[in-house]
Amino acid sequence: IATPMHQLIARRQAEANKQHVRCQKCLEFGHWTYECTGKRKYLYGPSRTAELKKALKEKENRLLLLQQKLIKQCRKKVFENIHDL
Ligand SMILES: [Zn+2]
């Protein structure tokens with residue numbers, strides 16, 4: 001028969017064990033994966049992250065160039081229209 005005292009001891013032991021448990025989701029200690037409230041951590045290497053950042057930066061640069069090109073074209077049109085007046 002599990003007395004309240006036994007239950008308390010069992011609970012304390014479980015809590016103590018939990019301190020050494022590592023969550024497989026957020027990789028923090030002190031809780032189980034199914035108890036996790038944190039965000040999942042992906043173990044990407046730094047090189048992959050850098051590559052992704054580089055690709056994003058190149059995309060941004062391309063968009064910026066396109067934008068500048070469009071602005072130039074617009075200005076040109078405006079000037080042309082002024083000459084027509
Ligand atoms: Zn977690």
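Helices (H or I, at least four residues) and strands (E, at least two) are DSSP runs, numbered from the N terminus. The model described here is a predicted one: local features need pLDDT of at least 70, side-chain atom pairs count only at pLDDT 80 or more, and totals for chains, interfaces and linings use all residues. Residues are numbered from 1 along each chain as its sequence is written.

The protein chain contains two helices and zero strands. Its radius of gyration, taken over C-alpha atoms, is 30 Å. A compact globule of 85 residues would come near 12 Å, by the rule of 2.2 Å times the number of residues to the power 0.38. The C-alpha trace spans about 100 × 30 × 15 Å along its principal axes. Burial was assigned by counting other C-beta atoms, placed from the backbone, within 10 Å of a residue's own: 20 or more is buried, 12 or fewer is exposed, and anything in between is partly exposed. On this scale, buried residues account for 0% of the 85 residues in the protein chain.

Helix H1 has 15 residues. From its first C-alpha to its last, H1 reaches 21 Å. This is close to the expected 21 Å, a span defined as 1.5 Å times one less than the number of residues. The number of buried residues in H1 is zero, so the helix lies largely in the open. Ala-10 is found in H1. This alanine is exposed, because 11 other C-beta atoms lie within 10 Å. Ala-10 and Lys-69 are 59 residues apart in sequence, and their C-alpha atoms are 71 Å apart in space.

The loop between helix H1 (4-18) and helix H2 (46-84) holds His-31. With 17 other C-beta atoms within 10 Å, His-31 is partly exposed. Contacts were assigned where C-beta atoms, placed from the backbone, lie within 7 Å. Not counting residues up to four places away in sequence, His-31 touches Lys-18, Val-21, Cys-23 and Cys-36. Of these contacts, Lys-18 is 13 residues from His-31 in sequence. The C-alpha atoms of His-31 and Lys-18 are 6.0 Å apart.

Leu-27 is also found in the loop between H1 and H2. Its phi is positive, at about 65°, although Leu-27 is not a glycine. Leu-27 counts as partly exposed because it has 13 C-beta neighbours inside 10 Å.

Methods: Two residues are in contact if their C-beta atoms, placed from the backbone, lie within 7 Å.
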